[in-house]
Amino acid sequence: MYKLKRTNELEPIRQMYAYEFSNCDFPEDHTFWMAVDQASGLAIGFASAVYRPDSGYVYLGSCWVHPLARGHKLQRRFLKARVAWARKKGADRVVTYTVLQNYPSMVNLLACGFEFYKPRADRK
């Protein structure tokens with residue numbers, strides 16, 4: 001079983017982030033959630049979000065689950081936890097993105113009520 005918690009314990013998250021997103025800067029200004037395997041106590045996933053009060057929205061940042069822990073709907077749990085946090089913050093929108101090739105994330109976003117849009121190419 002896996003437990004999700006909002007956390008300020010950033011070192012395990014930094015390690016997972018570096019493993020999966022080695023070419024990206026760590027988002028210092030984000031709030032983080034971590035998934036922990038209750039049997040071993042090991043961190044097995046994380047997700048982040050940041051509230052932009054000047055614009056009224058919450059941006060859902062990176063989410064990653066260790067391959068051995070996938071298939072237990074942890075990404076959906078992370079999505080729901082971050083959306084609940086956004087509501088408590090008073091955000092009027094929650095936005096995120098994924099690449100078209102990330103089918104599992106697209107399925108999870110749709111299952112949690114997100115909608116996709118594709119910007120028009122003629123927009124400047």
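Just after H3, Gly 113 takes a positive phi of about 95°. Helices (H or I, at least four residues) and strands (E, at least two) are DSSP runs, numbered from the N terminus. The model is predicted: local features need pLDDT of at least 70, side-chain atom pairs count only at pLDDT 80 or more, and totals for chains, interfaces and linings use all residues. Residues are numbered from 1 along each chain as its sequence is written, and side-chain values use heavy atoms, with hydrogens and water left out.

Lys 73 is not a glycine, yet has a positive phi of about 60°. Most residues other than glycine have a negative phi. Lys 73 sits in the loop between E4 and H2. With a relative accessibility of 54%, Lys 73 counts as exposed. Here buried means under 20% relative accessible area, exposed over 50%, and partly exposed in between (1.4 Å probe, protein chains only).

The overall fold comes next. The protein chain holds 3 helices and 5 strands. Their order along the sequence is β-α-β-β-β-α-β-α. The C-alpha trace spans about 50 × 30 × 30 Å along its principal axes. Of the 124 residues, 37% count as buried. Contact means heavy atoms within 4.5 Å. Among contacts with a separation of 6 or more, 54% come from residues 24 or more positions apart.

Helix H1 covers residues 10–20, and its buried residues include Pro 12, Ile 13, Met 16 and Tyr 17. These four lie on the same side of H1, because they cover an arc of only 135° around the axis. The arc is that of the directions from the helix axis to the C-beta atoms. Gln 15 and Tyr 19 are exposed on the other side of H1. The buried residues of H1 pack against E1, strand E2 (31–37), strand E3 (43–52) and strand E4 (57–65).

Thr 7 belongs to strand E1, which covers residues 2–7. Thr 7 is buried, at a relative accessible area of 9%. Setting aside residues up to four places away in sequence, Thr 7 touches Ile 13, Phe 32, Trp 33 and Met 34. A polar atom of the Thr 7 side chain lies 2.8 Å from the backbone nitrogen of Glu 9.

Aromatic rings form a further theme. The structure holds 7 aromatic pairs. Rings of Phe, Tyr and Trp (its six-membered ring) pair if their centres lie within 6.5 Å; planes under 30 degrees apart count as stacked, over 60 as edge-to-face and the rest as tilted. Phe 21 and Phe 46 form an edge-to-face pair, at 6.4 Å centre to centre and 80° between the planes. Phe 21 lies in the loop between H1 and E2 and Phe 46 in strand E3, so the pair ties together parts that are 25 residues apart in sequence. Phe 46 is buried, with a relative accessible area of 0%. Phe 26 and Phe 32 are stacked, because their ring centres are 5.1 Å apart and their planes stand at 10°. Both Phe 26 and Phe 32 are buried. Ring pairs join Tyr 17, Phe 21, Phe 26, Phe 32 and Phe 46 into a cluster. Arg 14 lies over the face of Phe 26, at 4.4 Å from the ring centre. A charge sits over a ring if NZ of Lys or CZ of Arg is within 6 Å of the ring centre and within 35 degrees of the ring normal.

Helix H2 (residues 74–89) contains Val 83. Val 83 is buried, with a relative accessible area of 16%. Not counting residues up to four places away in sequence, Val 83 touches Val 94 and Phe 114. Val 83 and Thr 98 stand 15 residues apart in sequence and 16 Å apart in space, C-alpha to C-alpha.

In helix H3 (residues 103–111), Ser 105, Met 106, Asn 108 and Leu 109 are buried. An arc of only 165° around the axis puts them on the same side of H3. Tyr 103 and Pro 104 are exposed on the other side of H3. The buried residues of H3 pack against H2.

Key:
Polar contact = N/O pair within 3.5 Å; in protein donor to acceptor, adjacent residues only side chain to side chain.
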